[in-house]
Amino acid sequence: MKKSRGIVVLLLTVILTVFFCFTAAVGIGPTGTGAAKHINTGLDLSGGVSITYQTKKSNPTKEEMSDTIYKLQKRVEQYSTEAQVYQEGSDRITVEIPGVTDADAILNDLGKPGSLYFITQEDADGNQNFTTGQNGYVLARSMDEIKESGCVVLEGSDVADAEGGAIQNQSTSAKEYVVSLTLTSDGKNSGKEKFSEATKENVGKQIAIIYDNQVVSAPNVNEQISGGKAQISGMKDLEEAQNLASYIRIGSLSLELEELRSSVVAAQLGEEAISTSVMAGAIGLIIVILFMIIAYRVPGIVAGIALILYTVLMLITLNAFDITLTLPGIAGIILGIGMAVDANVIIYARIREEIGAGVSVRSAIKAGFSKAFSAIFDGNITTLIAAFVLMWLGSGTVKGFAYTLALGIVISMFTSLVVSRLIVNALYAVGIHDPKFYGSTKERKAINFVGKRKVFFIVSIILILSGPAAMLINSQAGNKALNYSLEFSGGTSTTVTFNEDMDIKTIDSEVTPVVEEVTGDKNVQPTKVVGTNQVVIKTRSLTQEEREALQNALVEKFGVDENTISTESISSTVSKEMRQDAIVAVVVATICMLLYIWFRFKDIRFASSAVLALLHDVLVVLAFYAIARISVGNTFIACMLTIVGYSINATIVIFDRIRENMHGSRRIDNIEEVVNSSITQTLTRSIYTSFTTFVMVAVLYIMGVSSIREFAAPLMVGILVGAYSSVCVTGALWLVMKKNVKRKGQPAVTMAATGKTSGTSSVRKKTRDVSQKDPAQPKKKNRKRVAERLAAQEAAQNKTEDEK
């Protein structure tokens, strides 16, 4: 890069950095487009709409309620991936949608959950089921009579999904508005089979769609539909198509519901949680940037610029894509910052190694980015694959976390591989050539990590087994094995009408501590009903004695009327089906990561040892949850997923160095020396990355409110465990598999350097002897002189190019 171009790059970097920072902080134009304040946030950060429905059926079964909750959850995810649906009492369902303030608009858009039926035009005796009225089609007789005559061909539960949209007619090329139906396909009595039979018998006739005893559509059957998918055409515009699709989706619930109440609620975590989290993030980022400058000098400044750009671009992109940000989403951003730091550390460590080996600064920069690329690429792509799988199969919190994580990975790769490279090369072009500005690293003697593998394995086994032991002790003591929060096990909702209108900050500082003291629950979720003095306080399940104690404390401390206090049991916000979705998503993501690592490293032992290390980290953090009795809720899922992403990235870096040492220009034949050298060479990276990520979470823990601390504490443990497993466990696991597990067509590797085997050992020994006698290889004492001569020649060439 020429000096003039370098100056242009640096000026553009300063201008764009200032512009993006201004956009994220203030926004552009009179509406402040792009500002962080416009990011959609969840109920925990900004509040939203709460709607409570009651079933029309007096005594619904547990299965009916569970199925309705799950389907309703899928319906409301069109508004936000962080929307929550849970059971309240025995026959009520509450829907909480973050980021919106108009309950009436949501109710109109969502539709009134009623009964849905598909009926034939007439019965076997020729009696008409519906006729044409003044405003369209109307029922000719009651639904009870229609059901008795056997004219119902489909019910709402037979419809899996409905989507309104526009298509282009293949024959006329005109735009048509249609509703695409997807029918259930499980079993012989599925919607697919029922509809196939019904359309076969009613070709040329009409089949009407009845919603809440009203005919909403009566399309003609043109042919038998046997594939489980159908289209309803003839809508006048897109709005009509989407409205019909909404009726069909909401009518496919197992139970008929009617609105009981709706309200706008304030943030669950409160303003203090948001302000402290933002402040903690800013402080943590400043500490990380200062550390990078101290550790890496000029490249550290570049890393700081890259991290600032990552942060502001992340905020702007969250805004642009309307991604809902919640507390678990913050975990995804933290992981993204950790991976962005990690990429810069890998690159600059490589540059230092090259300078320490006697290479010129210019060549060291080029080689540093080149050699670091595979580790950065593989680590980020592996995590990105997991994020895409979680988006595809996950729901609720898992899906929201995946969106944030995927976005963070893409932006961190851009800032580290593109932005950092441009700035470093520009700085060199403008005259920063001295190696002292970049630092250098001499090759260190390999630390014998794998020689202590038995000790590490014993420590890991003890840590893992402490989890089941703690769970057993908790169960024996009459407690739950894990401290499940209300998201997982349900809880108690206490509605209190205070004598004055309290804001959420006052509630956090005055009411929440009282509730925590009485209940012993550190995961209290107070929610203020906007426009009233009511506050809904959600806690773990309380006994009758605890409910009375809480009621007495509220009366005594705040003087409220005990008649205005009501309590209700609520179900878990993470339903059984959502948990199953999460488990399936994580399992599939793990398999995909395994396959990718296998493909990239051409050895199943790399993939299997990486997955075992992930399992190790998850089980150790689970043990921490059991021992420390940290609440297991929505943040538990995000925490575990963050640890998986963080740990796999650290493992990939070491595996990449092992691969290089086995097949690169500095090939090492002794397998234990390969592992030890690889871990030692990447040790600085492991320490620096773990430290910077730990600092980000630690500041969040120190400054956050109690619920934030319960989220940050296991994350800190996970970061430490991930660093420990990547350095002490993963390489040793791979070594054990390499020495004992055969690949197809190859024997298991033995210790060639010790001479304990006959065939393989003797061949390798001769190979080394030949290489040592090769006159083309410089002797050890002359290597430094040769390196200096090459560096001088390269410097002269670079100077000539710069002058040109």
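Predicted model: local features only at pLDDT ≥ 70, side-chain atom pairs only at ≥ 80, totals over all residues.
**Entry 1: R141 and D123**

I looked up R141 and found a salt bridge to D123, with the closest N and O atoms 2.9 Å apart. R141 sits in the loop between β6 (136–139) and α4 (143–148), while D123 sits in the loop between β4 (116–120) and β5 (130–133), so this pair ties together parts that are 18 residues apart in sequence.

Is D123 buried or exposed? I get 9% relative accessibility for D123, so I put it down as buried, because the cut-off for buried is under 20%.

How many salt bridges does a search of the whole structure find? The search gives 17 of them. One general point to remember is that side chains of opposite charge can pair when their charged atoms come close.

Next I checked E546, whose side chain meets that of R540 in a salt bridge at 2.8 Å, N to O. R540 comes out at 25% relative accessibility, so I call R540 partly exposed.

**Entry 2: R659**

R659 forms a salt bridge with D656, and the closest N and O atoms are 2.7 Å apart. These two are three residues apart in helix α18 (residues 634–663), which means about one helical turn separates them. I find both R659 and D656 buried. Salt bridges with shared partners link D378, R600, D656 and R659 into one network.

I also noticed that the charged end of R659 sits over the ring of F601, 4.1 Å from its centre. K436 has a ring under its charged end too: that of F437, with the centre 5.6 Å away.

**Entry 3: aromatic rings**

I moved on to aromatic pairs, and a search of the whole structure turns up 15. In the pair F498 and F558, the ring centres are 5.5 Å apart and the planes stand at 90°, so I write it down as edge-to-face. F498 is in the loop between β14 (491–497) and α14 (504–519), and F558 is in helix α15 (residues 544–558), so the pair ties together parts 60 residues apart in sequence. Both F498 and F558 are buried.

Y625 and F636 are edge-to-face as well, because their planes are at 80°, with the centres 4.9 Å apart. Y625 belongs to helix α17 (residues 604–628) and F636 to helix α18, so this pair ties together parts that are eleven residues apart in sequence. Y625 is buried, with a relative accessible area of 1%, and F636 counts as buried at 15% relative accessibility.

Definitions and conventions: Residues numbered from 1 in each chain as written. Heavy atoms only, no water. Salt bridge = Lys/Arg side-chain N within 4 Å of Asp/Glu carboxyl O. Helix = DSSP H or I, 4+ residues; strand = E, 2+ residues; numbered from the N terminus. Buried < 20%, exposed > 50% of the residue type's maximum accessible area, 1.4 Å probe, protein only. Phe/Tyr/Trp six-rings, centres within 6.5 Å; stacked < 30°, edge-to-face > 60°. Lys NZ or Arg CZ within 6 Å of the ring centre and 35° of its normal.
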